[in-house]
Amino acid sequence: MPARVPSSIPGRILVPLIVACALFMENLDSTVLATSLPAIARELNEDPIDLKLALTSYLLSLAVFIPVSGWLADRLGSRLVFRAAIAVFALGSMLAGLSSSMAEIVGARIVQGMGGAMMVPVGRLVILRTVPKSELVGALAWLTIPALIGPVLGPPLGGFITTYFSWRWIFWINLPIAALGLVLATLYIPDVRAEERTPFDSVGFVLSGFGLAAFVTGSTTLGLDVLPKPVVIAILVAGAASLTAYWFHARRVEHPILDLTLFRIPTFRVAILGGSLFRIGIGAAPFLLPLLLQLGFGLTAFQSGMLTFASALGALVMKFAAKPILQRFGFRATLAINAVVAAGFMTMPALFTPATPTLVMLAALLVGGFFRSLEFTAVNALGYADIPQERMSRATSLTSVAQQVSLSVGVSVAATILETVLALRGGTELIAADFPPAFVAIGLISAAAVLVFARLAPEAGDEVSGHRPPAPDPVTAARDRG
């Protein structure tokens with residue numbers, strides 16, 4: 001029986017808001033955890049940099065299990081898969097709160113990732129299949145507005161809980177949110193599924209899952225003492241070999257679990273490649289900022305969180321401006337120019353010192369979050385601009401994998417730079433002077449996305465953005481006709 005949507009609230013608004021409960025929970029969890037990493041590291045007697053495994057193990061799990069999310073939604077129905085995903089995520093949250101070692105918290109985060117791998121992609125798929133493309137930008141904005149409350153509340157809430165209570169509660173607060181999400185999904189999420197059932201690509205799942213897991217694991221442990229360096233290199237080589245084998249496999253089967261032929265669509269290709277470069281910086285920032293403020297400047301977790309929340313607050317404001325900006329300038333101009341602007345703000349923490357006024361840091365993070373959010377909204381909408389309905393589930397799976405891999409690479413790049421600077425300095429503990437090279441590097445990587453976005457056609461995605469080039473003046477029009 002299909003879910004009933006109250007007539008007083010349009011489905012294009014209500015469904016994204018319900019899906020946003022899941023995204024809210026996921027974003028709240030990740031931002032709270034990033035703020036609390038130094039405190040967790042102290043209690044578990046671990047190095048704060050090594051504890052990045054708690055962040056990247058979640059991303060690893062996402063990368064492995066996201067490919068199957070679209071197939072499951074097509075076969076079992078989006079409502080059932082969405083509800084099961086919320087339940088698994090809640091179970092992982094409970095286990096993480098009970099953890100007493102790094103191995104246990106990493107294992108719990110992997111369980112969380114299994115839920116997150118189904119939760120957000122399937123929710124996004126429901127939106128893509130129920131909302132007309134002309135309303136897609138607005139629907140995605142409704143999706144991300146409530147979800148951005150997570151990053152807004154995450155840093156101050158995580159800092160408050162960690163400073164005055166216990167870091168374990170940062171995971172347990174997900175349980176009532178999950179309960180609310182289950183009720184709303186049961187009542188109102190439509191049971192969308194594909195008309196045609198396709199066979200499960202088990203060989204592709206094994207090859208892509210192992211390859212992505214090995215890539216994320218190898219890049220995460222590179223430079224750490226968790227595994228011997230020859231083992232890390234062997235993992236990376238094995239991952240690359242598995243992904244190469246998947247590429248050959250995907251060319252031979254009719255229904256691959258990750259449909260690489262989607263890259264033949266120009267708007268999708270640019271959104272994935274350019275968006276991945278930009279997200280490397282975004283993945284690194286939540287890892288670097290709390291470490292800089294707490295280890296470099298000596299702030300408490302609560303003080304750090306009250307500063308870093310400004311970035312998400314700026315992102316929240318941008319959601320109301322994204323649609324008119326895209327209508328006025330189109331995807332190409334918006335993405336290319338804004339990538340450079342947003343990357344510039346991403347490097348600004350390199351200039352922060354303990355003497356920098358709090359208002360200056362707040363302003364830089366607020367405005368940076370504003371432009372970062374515009375880039376995200378535009379990239380997400382562009383990626384689906386030319387995807388036919390029957391390929392939406394595959395596009396969602398491939399997009400989600402690319403997003404999580406780039407975020408994982410961002411954390412790994414930032415940590416590797418910090419470790420290198422620390423080794424060159426001959427120190428044993430991080431200080432404020434160790435962080436500027438990392439912020440500059442991630443800003444440059446994100447700015448490189450302009451090279452990809454500049455290749456877009458001027459009219460790319462106009463059906464979604466609503467952009468219409470200005471009409472020529474009468475003199476020019478008459479000359480062209482002559």
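In which helix is the place of Met-94? Met-94 sits in helix H3. Before I go further, please keep in mind that this is a predicted model.

Is Met-94 buried, partly exposed or exposed? Its relative accessibility is 35%, so Met-94 counts as partly exposed. The cut-offs behind that are under 20% for buried and over 50% for exposed, with partly exposed in between.

Met-94 also belongs to a nonpolar patch on the surface, together with Leu-91, Leu-95, Leu-98 and Leu-175. The accessible area of these residues together is about 400 Å². Helix H3, which covers residues 78-97, gives the largest share of the patch, 3 residues.

Now to the inside. The structure holds 2 cavities of 30 Å³ or more. I will talk about the second largest cavity, which has a volume of about 80 Å³.

Which elements give two or more residues to its lining? They are helix H11 (266-296), helix H14 (358-383) and helix H15 (392-425). H11 provides the largest share of that lining, with 5 residues.

As for the residues themselves, the lining of the second largest cavity includes Phe-268, Ala-271, Ile-272, Ser-276 and Arg-279. Val-379, Asn-380 and Gly-383 line this cavity too, as do Thr-399, Ala-402 and Gln-403. By type, the lining divides into 5 nonpolar residues, 5 polar and 1 charged.

Key:
Residues numbered from 1 in each chain as written. Predicted model: local features only at pLDDT ≥ 70, side-chain atom pairs only at ≥ 80, totals over all residues. Heavy atoms only, no water. 1 Å grid on protein atoms, 1.4 Å probe; cavity = no way out; pocket = protein on both sides within 12 Å on 5 of 7 lines; lining within 4 Å. Points joined across faces, edges and corners; volume = space filled by probe spheres on them. Helix = DSSP H or I, 4+ residues; strand = E, 2+ residues; numbered from the N terminus. Nonpolar A, V, L, I, M, F, W, Y, C, P; charged D, E, K, R; others polar. Patch = residues over 30% accessible without salt bridge, like charges linked within 9 Å, V, L, I, M, F, W, Y side chains within 5 Å. Areas by Shrake-Rupley, 256 points an atom, 1.4 Å probe, with all protein chains shown as cover. Salt bridge = Lys/Arg side-chain N within 4 Å of Asp/Glu carboxyl O. Buried < 20%, exposed > 50% of the residue type's maximum accessible area, 1.4 Å probe, protein only.
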